[in-house]
Amino acid sequence: MKKRFLALLLAVCILIPVFAVPAAAVNANTAIQTVRTMGVLDAATAQSPEALGAQVTRGEFARMLTMVSSYRETVNQEILVGSLFTDVNSSTPYAPYIRIAVQQNWLTGYTDGTFRPNDPVSLEAACASALRLLGYAPTDLTGAFPAAQLNKATELGLRAGLARTQGQPMTRSDCAVLLYNTLTATTKSGSTYGNTIGLTVSDGQVDTSAILARSLKGPFIAGENEMLPFSPTTIYRNDEVTSSPELHVNDVYYYSESLNSMWIYTTKASGRITAVSPNAAAPTSVTVAGVTYQIGSTDVAYRISSLSGGGVGQVVTLLLGMEDVAVGILTGEEVDLSYYGVVQSSSRSLTTDNGADVLQTVRVLCTDGTVRSVRVDKNLNIPTGWLVSITTTPEGETLQSISEKSVSGLFSAANRTLGDYKLANNIEILDTLPDGSAGTVRLDRLDGVTLSDSDVRYYSLNSQGEIDRLLLDDVTGDIWTYGCLMSWSVNNNSSTLDDLTSLQPSDVLMQMASGLLTGSLLNDIWGELTGSTGRWTSIALGLLANNTSGLMSTVLSTIAGGANYTYMNGTSYTTDSTSVLYPVLAGGIGVRHEVNGEVRGMVQLQPILIDSLGPASVTTANGTRYETADAMQVYLWHMGVYYPTLLPTINAEDYFLIGWVDSCTAGHQVRVLTALRKN
């Protein structure tokens with residue numbers, strides 16, 4: 001089950017772009033993220049390098065100080081009575097904050113009776129205010145202003161990451177760093193300042209999750225023509241950034257006015273309740289279609305409890321919010337819902353609920369990434385790998401096979417289109433294999449890919465004619481297992497195969513490594529050797545063996561008998577036994593497993609010689625760019641042994657780098673990277 005709240009925190013983090021900041025200001029982005037979460041900076045400012053570089057006025061700084069104090073949640077309750085300064089009245093920007101800052105002695109006015117709210121804040125003035133937040137009065141310092149304040153600020157770590165010197169004006173980015181340092185600093189009484197105002201600070205880090213939780217409003221369940229009290233600048237739908245704030249009936253949503261952000265969840269869980277816990281009268285969790293959900297609403301708890309006549313056996317649709325918590329529920333005619341997916345397995349078991357009988361349960365991986373269990377007729381045969389739909393009605397659940405339906409065209413994540421079709425805001429994509437293996441796919445994973453009819457097994461349209469469910473046929477390559485081939489041997493160790501098995505992967509790589517020095521590593525011969533990625537079926541080879549004689553017959557029949565392959569996968573070795581011999585020679589390979597773990601296919605990845613490394617891509621000497629897979633494996637190779645390592649430990653200057661690339665429609669990614677030291 002997805003951890004929605006963790007995703008929410010990650011979402012808040014990516015609201016702030018990582019700007020190029022001086023080496024000394026390594027904490028600037030963390031500081032900006034934190035103070036924005038506290039409402040010190042608004043969304044527009046936090047995302048604009050120009051706005052962050054603008055000078056801070058005394059009036060704005062008064063607001064910043066207030067928002068990192070215990071007054072941040074009550075500032076709107078402050079009432080201006082009279083005027084403290086001749087240049088500040090009720091219509092002056094930041095007037096309530098100026099009053100609080102002056103009353104708390106964080107800032108002071110001038111002897112002529114003015115506050116000068118539009119004057120810039122200097123480094124020494126800002127440090128003096130931060131020290132007062134920490135409880136230090138001028139009499140607690142050694143020396144005169146401003147040296148005393150600057151020295152004490154340095155001692156407490158308030159100036160860490162700041163490049164400003166005495167007399168220089170502070171920018172918004174500077175103030176963010178100073179105030180973040182203040183939150184983690186020690187007060188005069190010996191406490192961590194952030195902890196004294198209700199935050200959680202540990203190991204010098206501010207826990208923004210607690211801040212965020214307090215600013216978050218919801219969950220709410222959308223009704224007809226639901227309207228927000230504000231217009232959010234940042235919107236997330238099912239934890240992905242979207243430009244559409246559109247709400248449909250029964251969508252679950254949250255919002256934060258201080259972050260100017262909104263989170264929408266369209267996920268629903270529909271099916272028969274098979275269990276409640278800890279008891280029927282007061283459940284805190286419920287199991288629907290084999291998946292257990294926490295209950296986050298007293299209404300949901302009551303309606304599925306025995307007190308209301310609900311519970312096990314009831315057909316419901318749960319409305320899920322953050323962390324897949326059930327915050328709403330539909331019953332009766334409202335529960336109609338359909339899922340699409342691929343059969344993972346089916347099993348029969350004994351049940352004695354109404355006398356001894358056989359119960360068949362089918363497990364289906366659906367397009368939303370959830371595996372649902374459905375009870376079906378015990379006499380039906382439901383093969384693994386079938387595409388099926390699950391329809392939930394008040395009467396129960398129905399599972400039926402669906403005929404394949406294709407669509408083709410250019411997939412554009414930016415335009416949200418596939419060929420001539422629009423993509424729904426809540427589109428769900430599942431990449432599948434005929435054996436039942438499958439995995440969900442991000443929208444951006446397919447961006448710019450042209451899908452053929454053979455790439456799409458099924459799609460469905462919503463009421464607006466948009467594609468809302470898409471089932472693919474091994475398009476991404478992400479379902480395969482990847483690794484580095486160490487050795488292989490045929491199951492029949494006949495002496496007649498000595499020539500066939502004498503050349504092991506280490507020998508091939510040694511020849512490749514020596515070829516690096518002459519520039520002959522990647523030539524057309526390699527492509528000819530490994531161009532066939534199909535399966536050498538034992539049936540076809542057996543037929544050939546039966547129709548030949550002598551050595552060829554022996555070789556073919558032995559190959560048809562299968563082989564053992566040992567390959568490195570991460571930090572461990574895996575050995576797979578197969579019924580046929582696959583055309584894999586060395587280096588990176590892809591292995592396709594069935595749901596039961598048996599090998600269904602094995603392919604040789606294509607090697608490329610890497611000239612330069614990027615953060616998420618590599619480039620060859622001729623300028624061809626390849627993306628790196630999210631789970632790319634990196635190895636140091638030496639004399640036939642692979643040593644797992646990390647990407648930052650190697651480079652293109654000191655190592656020969658070989659990338660191993662898959663050939664899937666939306667693949668062509670570097671799945672494995674091997675490095676060989678040039679010396």
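Student: What does the charged end of Arg63 sit over?

Tutor: The charged end of Arg63 sits over the ring of Tyr97, 5.7 Å from its centre. The rule asks for NZ of Lys or CZ of Arg within 6 Å of the ring centre and within 35 degrees of the ring normal. Arg372 lies over the face of Tyr339 too, at 3.7 Å from the ring centre. A word on the source: this is a predicted model, where local features need pLDDT of at least 70, side-chain atom pairs count only at pLDDT 80 or more, and totals for chains, interfaces and linings use all residues. Residues are numbered from 1 along each chain as its sequence is written, and side-chain values use heavy atoms, with hydrogens and water left out.

Student: How many aromatic pairs does a search of the whole structure find?

Tutor: Rings of Phe, Tyr and Trp (its six-membered ring) pair if their centres lie within 6.5 Å; planes under 30 degrees apart are stacked, over 60 edge-to-face, and the rest tilted. The search finds ten such pairs. Phe220 and Tyr253 make a tilted one, with 5.4 Å centre to centre and 35 degrees between the planes.

Student: Is Tyr253 buried or exposed?

Tutor: Buried means under 20% relative accessible area, exposed over 50%, and partly exposed in between (1.4 Å probe, protein chains only). Tyr253 is buried at 4%, while Phe220 is partly exposed at 31%.

Student: How many disulfides are there?

Tutor: A disulfide is a covalent bond between the sulfur atoms of two cysteines. Here a pair of cysteine sulfur atoms must lie within 2.5 Å, and the count comes to zero. Cys366 is buried, with a relative accessible area of 0%.
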